Number of protein chains: 2
Amino acid sequence: MKIALAQINPIIGDFQHNLEKIKKYITEAKKSSVDLIVFGELVITGYPPADLLERDDFLKDCENTIQLLCKESSDIGIIIGAPSLNLQVEGKDLFNSAIFLFGGKIQHIQHKALLPTYDVFDEYRYFEAAQDFKLIYYKGKKIALTICEDIWNVGNENPMYTHCPLDHYLEESPDFIINISASPFHYAHAIERIQTIQSNVKRYQVPLFYVNLVGAQTDLIFDGGSLAMSAQGKHWIEMPYFKECMEVFSLDQIQSLSHTVDQSKDKFELIHQALIVGIRDFFSKLGLKTANLGLSGGIDSALVAVLAQQALGSENLRVLLLPSQYSSDHSLSDAIQLAQNLHIRFDILPIEPIFNSFEKTLAPVFSGKGPDLTEENLQARIRGTLLMALSNKWGNLLLNTSNKSEAAVGYGTLYGDMAGGLSVIGDLYKTEVYALCHYINRQGEIIPANTIMKAPSAELRENQKDSDSLPDYDLLDSILRLYIEENKSKSEICSLGFDADTVDRVILLVNRNEFKRGQMAPVLRISKKSFGQGRRYPIVAKYK
Amino acid sequence: MKIALAQINPIIGDFQHNLEKIKKYITEAKKSSVDLIVFGELVITGYPPADLLERDDFLKDCENTIQLLCKESSDIGIIIGAPSLNLQVEGKDLFNSAIFLFGGKIQHIQHKALLPTYDVFDEYRYFEAAQDFKLIYYKGKKIALTICEDIWNVGNENPMYTHCPLDHYLEESPDFIINISASPFHYAHAIERIQTIQSNVKRYQVPLFYVNLVGAQTDLIFDGGSLAMSAQGKHWIEMPYFKECMEVFSLDQIQSLSHTVDQSKDKFELIHQALIVGIRDFFSKLGLKTANLGLSGGIDSALVAVLAQQALGSENLRVLLLPSQYSSDHSLSDAIQLAQNLHIRFDILPIEPIFNSFEKTLAPVFSGKGPDLTEENLQARIRGTLLMALSNKWGNLLLNTSNKSEAAVGYGTLYGDMAGGLSVIGDLYKTEVYALCHYINRQGEIIPANTIMKAPSAELRENQKDSDSLPDYDLLDSILRLYIEENKSKSEICSLGFDADTVDRVILLVNRNEFKRGQMAPVLRISKKSFGQGRRYPIVAKYK
């Protein structure tokens, strides 16, 4: 039996586009005499469709698309992911299903049993869990069909769930397992995925074919990396990351697989690719082409500029250099150097005249008050307004350049440097920003060395340094990681040797700045816990 | 048996505060020889605690608080809502529980069976559903204990769920039912709540005691309205809306209740109270006192000013009048009149000099392009920046003045008039803004008549009117309500007699502006479907 795995990049709600893409791969598979072609989870709608699933017209279009696909299945088995109606009155209206088409019609529908409802996932908002488990019988083979999370509770060892869906098939001895997924990327995900698939094949002693989606959907990035693994889990063939493609496997070949085809899982190599896909798809799927951003001469905006240039091309990126009286000479020269390295258009617009004009207008309501943070925020907001004006005038999207450390502690100005339609590096701690810059410069200097080496500064007052307000980034990021990623308490973090006052201060800053993050652009997610829909904390709360 | 219902206003995560408040009512209840005092759902943590529930230290503090409360229960029965640990390895770590304390210890824990996971609710993100149902035996009575949603599937007629929790108690014939809730306000909720409680008592033929929370938690407002209903559902006593208080009932009295104590359910009276509570609690729970906003002379900012003045007091509110060359005379005079009516400080800061300074700075990058929307957005952003500068300098919170119609179609400028820390009227369609203004002026003119009567205009260019860009608000709001609240498709809306092109245009605008709403402040929720966490649509999607 020949099995094709097609990892594709759907557009949420664009049924026509998704259908055409699916048909293209079916046609290609037929040419290779494939018996069964498999696509990812909810490939018909795109993942995650969110509350579009509550619209009857959306579901009707989805059903029509499946009917059109049936016509393609006269001589090939097709497995696709799509929502399907729950025909019982009781329970949620939908299932998250894998649908098997053959002979021109739907032969089998298997629903998802484990519905992830944590972090970025809201599946129980829409879907009822499967109660029935039936094998597919096809061309003499018995196939166990599973959907994403269904294989992540091997032997019921994941405490989040109460049963292990594949165990329901044990008595009937399936010949192989198929899993269709929409599993969002984070930089350690590929390793976890292979380990999980290994645990499954070791338990059931049959090969497993795994298909993921690729491409970005707003903040979520899907890396592909579909794979076929032999029954003992010793060998596997992994498909490329971040690339829409199809590969054909023979079941016999996978059963007796004696070599592994794998690829690099280097953290910053993966993050680099993921962010480029994230930018590229955000623009292309919204029908946008051009971006702009502000270059400060600092490392964050430099990194975003490089990533945007690599994703969109030099001709589609434009930057403003917006110096003030507090900007150092190297800020301007480093930014110019970078713009020249990237072959992007830059303009220099000094902000002092506008700042003075604000000061004059505000004088009557500021009287009696000395300079404070207000004047710093004002400079940031003037820059934000200039960047948005350029964006409006030329139809560019403004890219946000905040990093995760800043976003965590609120070291940024709402409507100022926090402005923008997409946060490119908002899931990278400052120390990771440095590491990614080094990765980008691995074969030669793209980001000026001075940008990487100088002490970070917002340059919003005389001789300001980030370290005036914040702990050193090594220390800050360690505490943030423990607090945000690992949910550690103050006392647990202190017990690891961190200074109690510092930990206290950092936690307070994180908690106090929920309101700022609530107004941030979507953040491209590259870690297990990014700011945005995956981390839901109340704005009004008093817990420390 | 004497039963006290205490509807209180907890602060999320402030265990000390919540404990003191609960103890205060227990002391009061003991003075009235109460046998059983009942508090709302998750009263110990505040509702919704969101991802704080994933923190071990938070849960430990919660447990300690319950232990401290046990000490108060030596001579009174206490029912409180709190998360409790799921001791099984399988399934989510927590239950959403009602805990019965008496004789100095926990006597009984009943978990919630129906976990709302739709709209603003994410309960299955944290909680496992109850499988066991046991009555409380207390002083010769059998009590069926339920939590919020548990009574909203009477006779299993709510298609979202698969069973009706109270049916599990039927054989054991409980003497009465208690329901502890955290049921967020919307303007039709009080009526639905009474109907639902009626359906329950009619089915089970026993009295029901219902306790809600009061007060606002960021965007969600809880209206109290706790009540006791007789076994036939003919009569009930409803506690006040929006007021923290306790009432004592005797079971005999409720069993033979022959009169109803009810209160006005007028839509705009309720909305008016809700918004004032929403503002008041947002400020007091964040430790803030003072607010500012921009008064344009238009109806939206006028309404927000009145609500803020009523919630915070004249001395805690300050407004800026920010006229441009496009502002009409009446804009200024209407705004001044309102400020005088409200006895609030106002300052007039013309924005033209700053605008000119921006134009001059931007000239090199605008060359060859005529005026367009950019210049309109620029004015809005100058105003946003001035208001934020005032806010920063004086420690005020900027109130956002966008209404729901604008937010829906994106008729607003990000970082301009969409700026602010709290959206006060973002869940009121423009037509509802008018109605609420009439309500506010019911006993005399607070909002100048001219502000209400003139044609709405953003005044960002010569002789601009909202109706240049948008359908009349009566028409627009009707379409928006069908599309947003009722999830109707384009063809369904057209079949009701609306013009197809208009419907198309409105739907396109709503879908295209998801990105703007994603960066809005939290919106005080007063309808069944408000923008924010309760409506989750992808930013990158192509569904129309």
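Colleague: Which residue stands opposite B:Phe102 in strand 5 of chain B?

Modeller: Please keep in mind that this is a predicted model, in which local features need pLDDT of at least 70 and side-chain atom pairs count only at pLDDT 80 or more, while totals for chains, interfaces and linings use all residues. Residues are numbered from 1 along each chain as its sequence is written, and chains are lettered from A and ligands numbered from 1 in the order in which they are written. Strands (DSSP runs of E, at least two residues) and helices (runs of H or I, at least four) are numbered from the N terminus, and two strands pair if DSSP finds at least two bridges between them; here six bridges join strand 4 (residues 94-102) of chain B to strand 5 of chain B, and the two run antiparallel. Within strand 5, the residue that stands opposite B:Phe102 is B:Lys105.

Colleague: Which strands of chain B stand at the edges of the open sheet of six strands?

Modeller: That sheet has mixed pairing and the order 5-4-3-2-1-14, and its neighbouring strands are turned by 30° against each other on average, direction ignored. Such angles are taken between axes, which are lines fitted to C-alpha atoms (for helices over the stretch in contact), and they run from 0 to 180 degrees between N-to-C directions. An edge strand has a single partner, so one side of it is left without a neighbour in the sheet, and in chain B this holds for strand 5 (105-111) and strand 14 (245-250).

Colleague: At about what angle does helix 2 of chain B run to strand 3 of chain B?

Modeller: Two residues are in contact if their C-beta atoms, placed from the backbone, lie within 7 Å. Helix 2 of chain B lies across strand 3 (77-85), strand 4 and strand 5 of chain B. To strand 3 of chain B, the helix runs at about 160°.

Colleague: Which helix of chain B gives the most to the side of chain B that touches chain A?

Modeller: The contact between the chains takes 75 residues from chain B and 75 residues from chain A. On the chain B side, helix 2 (56-70), helix 5 (267-285), helix 8 (352-366) and helix 9 (373-394) each supply at least two residues. That side divides into 38 nonpolar, 19 polar and 18 charged residues, where Ala, Val, Leu, Ile, Met, Phe, Trp, Tyr, Cys and Pro count as nonpolar, Asp, Glu, Lys and Arg as charged, and the others, Gly among them, as polar. With 13 residues, the element of chain B that gives the most is helix 9.

Colleague: How many of the 14 residues of helix 6 of chain A are buried?

Modeller: Helix 6 (residues 299-312) of chain A should span 20 Å, since the expected span is 1.5 Å times one less than the number of residues, and its end C-alpha atoms are 20 Å apart, which agrees. A residue is buried if 20 or more other C-beta atoms, placed from the backbone, lie within 10 Å of its own, exposed if 12 or fewer do, and partly exposed in between. Helix 6 of chain A is largely enclosed by the rest of the structure, because the number of its 14 residues that are buried is 13.

Colleague: Is A:Asn487 buried, partly exposed or exposed?

Modeller: Most residues other than glycine have a negative phi, and most peptide bonds are trans. A:Asn487, in the loop between helix 14 (473-485) and helix 15 (490-495) of chain A, has a positive phi of about 55° although it is not a glycine. With 16 C-beta neighbours inside 10 Å, A:Asn487 counts as partly exposed.

Colleague: What is the omega of the peptide bond from A:Tyr47 to A:Pro48?

Modeller: A:Pro48 has its place in the loop between strand 2 (36-38) and helix 2 (56-70) of chain A. In chain B, a cis peptide bond joins B:Tyr47 and B:Pro48, with omega about 0°. The bond from A:Tyr47 to A:Pro48 is cis as well, and its omega is near -5°.

Colleague: What distance separates the centres of domain 1 and domain 3 of chain A?

Modeller: Chain A is divided into domain 1 (2-265), domain 2 (271-466 + 513-517) and domain 3 (471-511), with bounds that come from an automatic or database domain assignment. Taken over C-alpha atoms, the centres of domain 1 and domain 3 of chain A are separated by 39 Å.
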